[in-house]
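Opening the notebook on packing today. I want to look up the nonpolar cores first, then the aromatic rings.

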Amino acid sequence: MQSLAMIENWPVPTAAAAVVRADGTVAGSHGPTDRRFPLASVTKPLAAYAVLVAYEEGAVELDEPAGPEGATVRHLLAHTSGLAFDEHRIQAAPGARRIYSNAGFEVLGDHIAKATDIPFADYLHQAVLEPLGMASTTLEGSPAKDGVSTVGDLVRFAAEMQAPRLLDPRTVLEAMTVVHPGLSGILPGYGSQKPNDWGLGFEIRDGKSPHWTGASSSPRTFGHFGQSGTFLWVDPDAGAACVALADRAFGPWAIEAWPPFTDAVLTELHG
């Protein structure tokens, strides 16, 4: 795909990207797809997928208590537990506000570890990474932000999300459906969004503006971006997903570069 070569113009030392179709075939790739990059918050979809495996295995229920009083596993996945961004401090009642929370995902990791009697990094490996053949991916700390992976590995994950083998497709559909519709909140790097829609561990594009995906991305697009200069989106209407990893922290360069890149990818796919 010629559009992927646009990463050559990004003001970053190194970048790699790939597109995978809904049938699992790789439409194209560019850059060192076997290079390991810190994922930052692109770790969260991987962690969320492991939580959903634990749910399907019966280790946890989505509506069982977890985190602050009155909160559940579902609240933690959807950033509606009331926990603050990066500290274990309660800022709101569960379900009242969309407060994007690393702390919430750390509580979630601890909850799964206790429920399964397996450290969360090991559970993620056994439940998601190993079955998908993601041999270059590791969780080296917080389930909110300390994943390290390659474009090649994340292509496998993006294919799984489009044609699930590890989860019932109905569970994945629920994960990409808005939890607590209508809640406002801050999308890190992009300011206040009304509404700020999320599913179970996945951000949902809907009508958000500004946004890190493209102007032509469908409202059903879901995924995540990371402060390390990384993103992963799945656009069900386009029948494809895109992974891009870079080694420069998120900032104005990404806000400027990512949307036209995504639009070019979608145009080429549709073409």
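This is a predicted model: local features need pLDDT of at least 70, side-chain atom pairs count only at pLDDT 80 or more; totals for chains, interfaces and linings use all residues.

By a nonpolar core I mean a set of buried Ala, Val, Leu, Ile, Met, Phe, Trp, Tyr and Cys residues joined through side-chain atoms within 4.5 Å.

Entry 1, cores. I looked up the largest nonpolar core and got 58 residues, of which Leu77, Val128 and Phe157 touch the most other members. Helix 1 (residues 43-56) gives the most to this core, nine residues. I then listed the contacts of Phe157, leaving out residues up to four places away in sequence: Pro45, Leu46, Tyr49, Val128, Leu132, Met134 and Leu232. There is also a second, separate core of 29 residues, with Leu4, Trp258, Phe261 and Leu266 among them.

I found 16 aromatic pairs in the structure. For Phe202 and Phe222 I get ring centres 5.5 Å apart and planes at 90°, so I logged the pair as edge-to-face. Phe202 sits in the loop between strand 7 (191-193) and strand 8 (203-204) and Phe222 in strand 9 (residues 222-226), so this pair ties together parts 20 residues apart in sequence. Phe202 is buried at 2% relative accessible area, and Phe222 is buried at 2% too.

Next I checked Trp212 and Phe231: centres 5.8 Å apart, planes at 45°, so that pair is tilted. Trp212 is in the loop between strand 8 and strand 9, Phe231 in strand 10 (residues 230-235), 19 residues apart. Ring pairs also link Trp212 and Phe231 into a cluster whose members include Trp10, Tyr190 and Phe250.

Arg35 lies over the face of Phe37, 5.1 Å from the ring centre. The charged end of Lys44 sits over the ring of Phe105, at 6.0 Å from its centre.

Notes:
Residues are numbered from 1 along each chain as its sequence is written. Side-chain values use heavy atoms; hydrogens and water are left out. Buried means under 20% relative accessible area, exposed over 50%, partly exposed in between (1.4 Å probe, protein chains only). Helices (H or I, at least four residues) and strands (E, at least two) are DSSP runs, numbered from the N terminus. Contact means heavy atoms within 4.5 Å. Rings of Phe, Tyr and Trp (its six-membered ring) pair if their centres lie within 6.5 Å; planes under 30 degrees apart count as stacked, over 60 as edge-to-face and the rest as tilted. A charge sits over a ring if NZ of Lys or CZ of Arg is within 6 Å of the ring centre and within 35 degrees of the ring normal.
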